[in-house]
Amino acid sequence: MSKQPIGDPAPIDGSIPSESLRMFTTSERGFSAYVHVPFCTVRCGYCDFNTYTATELRGFSRTDWAGAIIKEIEFSNEVLFSTQNGFDADELSKSGTDVGNEWQHPLQSVFFGGGTPSLIPAADIAKVISTLARTFGLEPEAEVTLEANPDTVSAEYLQTLVTAGVNRISIGMQSAVPHVLATLDRTHNPENVRIAVDLAKATGLETSVDLIYGAPGESLGDWKQTVQEAIALETNHISAYALIVEEGTKLHRQIRRGEFQPPSDDLQAEMYEYLDAELTQAGFSWYEISNWAKTPKHRSKHNIAYWQGDDWWGYGPGAHSHIAGVRWWNVKHPAAWSERLSNNLSPALQREVLSEEQIYEEGLLLRSRLIDGLELADIKPEAHPAVSELVSEGLLTKEIISEKAQTGEKETTGERLVLTLTGRLLADTVILRLLT
Ligand SMILES: C[S@@+](CC[C@H](N)C(=O)[O-])C[C@H]1O[C@@H](n2cnc3c(N)ncnc32)[C@H](O)[C@@H]1O
Ligand code: SF4
């Protein structure tokens with residue numbers, strides 16, 4: 001969640017090693033933008049995301065947000081495309097790669113996450129989208145998602161978002177059961193979820209809901225009610241996360257004081273199995289451990305971009321970015337983030353340049369979570385005995401892939417490893433065994 005890893009100090013001019021910049025510029029990988037909105041009306045007791053209530057903003061105001069995001073977009077354009085920043089445009093154009101204004105990789109997805117993005121006026125969201133589109137371009141089918149709290153949307157708001165280019169909305173439902181919502185400190189009225197989903201559909205938006213399972217005091221019966229109500233909303237996408245008790249949260253303190261019992265692993269596993277069976281029955285399929293969609297077309301491009309290790313720039317306080325094996329994360333407080341941008345300095349706090357070994361391990365970790373799984377050929381030979389054991393224990397399935405090579409003459413075959421239902425429940429163990 002919002003805990004920041006430990007890295008090296010990030011260069012104050014935001015520069016990226018020239019080899020990574022070259023890989024980014026010449027690669028076929030998709031490019032995405034994450035835009036962080038660090039505001040919430042109240043903080044939910046379980047949440048440790050980088051978000052601030054009005055009293056915690058210390059002089060920064062929500063009205064400053066869009067202007068500072070636009071500054072970071074301009075800054076990212078300088079870092080990624082200025083010829084001062086490490087790559088030789090002449091050399092690249094000789095190799096047939098267009099650069100700068102001829103940028104060949106427009107954004108495949110934009111995700112406004114939070115915090116509570118729906119607290120931002122639609123006109124400010126529109127300004128950010130048009131700056132991204134002008135700077136990088138948007139693919140014709142680009143996915144543009146905004147996370148919304150069910151209490152903060154109206155027909156007019158949604159219509160302005162659609163006009164601005166938003167085409168998908170992800171609504172924080174979490175639970176349909178009042179006592180579970182109360183434990184989670186969620187203030188929304190559960191009836192507003194149906195209203196928000198219906199309004200969004202009427203506006204032409206793709207819809208998704210987020211659920212959380214395993215809250216203290218939540219029974220299997222409570223969860224069944226939530227799952228059935230979520231299915232009845234007839235969205236094309238559902239995300240469901242096992243509740244994580246994050247250190248430093250109010251929920252963590254409540255559990256430490258004995259006011260609440262911690263979530264039980266066995267009950268959370270039972271809840272996951274119930275959810276997967278019911279969603280499958282209702283026409284959904286899993287495509288990532290915590291995500292289900294009605295058809296492949298409804299899978300979130302932005303989610304998939306993260307799991308397949310694409311490139312993305314994370315805009316906003318505390319946001320994380322990944323460009324060709326370089327990862328960095330911004331300073332967390334909105335006032336500090338925006339001050340750096342005002343002085344034309346990088347808002348990044350620290351960064352990591354991943355080694356070959358880290359890129360391999362991270363690739364395995366991320367891709368193993370997806371329905372497309374891992375190709376056996378991409379797994380180091382020394383891990384093949386572990387693969388055989390995991391297959392015989394029923395945690396992975398082996399599928400044969402067969403593709404005609406482009407000439408149409410040669411057939412290339414391979415083996416793909418995909419998590420089984422039990423494997424999805426024990427994904428951390430599976431990956432640990434593949435990496436040791
Ligand atoms: C950070 S929120 C942002 C969206 C919006 N503010 C909301 O709460 O619906 C994104 C999602 O993260 C999930 N989430 C946040 N904290 C979590 C935790 N401790 N354990 C599991 N899921 C969590 C929730 O399902 C939430 O919908
Ligand atoms: S509304 Fe969302 S981001 Fe805000 S505190 Fe609650 S879970 Fe976290």
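Before sorting any lining by class, I note that Ala, Val, Leu, Ile, Met, Phe, Trp, Tyr, Cys and Pro count as nonpolar, that Asp, Glu, Lys and Arg count as charged, and that the others, Gly among them, count as polar. This is a predicted model, in which local features need pLDDT of at least 70 and side-chain atom pairs count only at pLDDT 80 or more, while totals for chains, interfaces and linings use all residues. Residues are numbered from 1 along each chain as its sequence is written, chains are lettered from A and ligands numbered from 1 in the order in which they are written, and side-chain values use heavy atoms, with hydrogens and water left out.

**Second largest pocket.** I searched on a 1 Å grid over the protein atoms alone, where a cavity is a set of points at which a 1.4 Å probe fits but cannot get out, a pocket is an open set with protein on both sides within 12 Å along at least five of seven lines, and lining residues have an atom within 4 Å of a point. Grid points are joined across faces, edges and corners, and a volume is the space filled by probe spheres set on the points. The second largest pocket holds about 370 Å³, and its lining consists of 17 residues, with E143, K297, H298, R299 and K301 nearest the centre. By class I find seven charged, seven polar and three nonpolar residues in this lining.

Over the whole structure I found one cavity of 30 Å³ or more.

**Ligand 2.** Taking a residue as near when one of its heavy atoms lies within 4 Å, I list C40, V42, R43, C44, Y46, C47, G115, T116 and R186 around ligand 2. This shell divides into five nonpolar, two polar and two charged residues.

**L421.** Which class of accessibility does L421 fall into? With buried meaning under 20% relative accessible area, exposed over 50% and partly exposed in between (1.4 Å probe, protein chains only), L421 is partly exposed because its relative accessibility is 30%. Leaving aside neighbours within four places in sequence, I see L421 in contact with Y272, E273 and D276, contact meaning heavy atoms within 4.5 Å. The C-alpha atoms of L421 and L395 are 7.5 Å apart, although 26 residues separate them along the chain.
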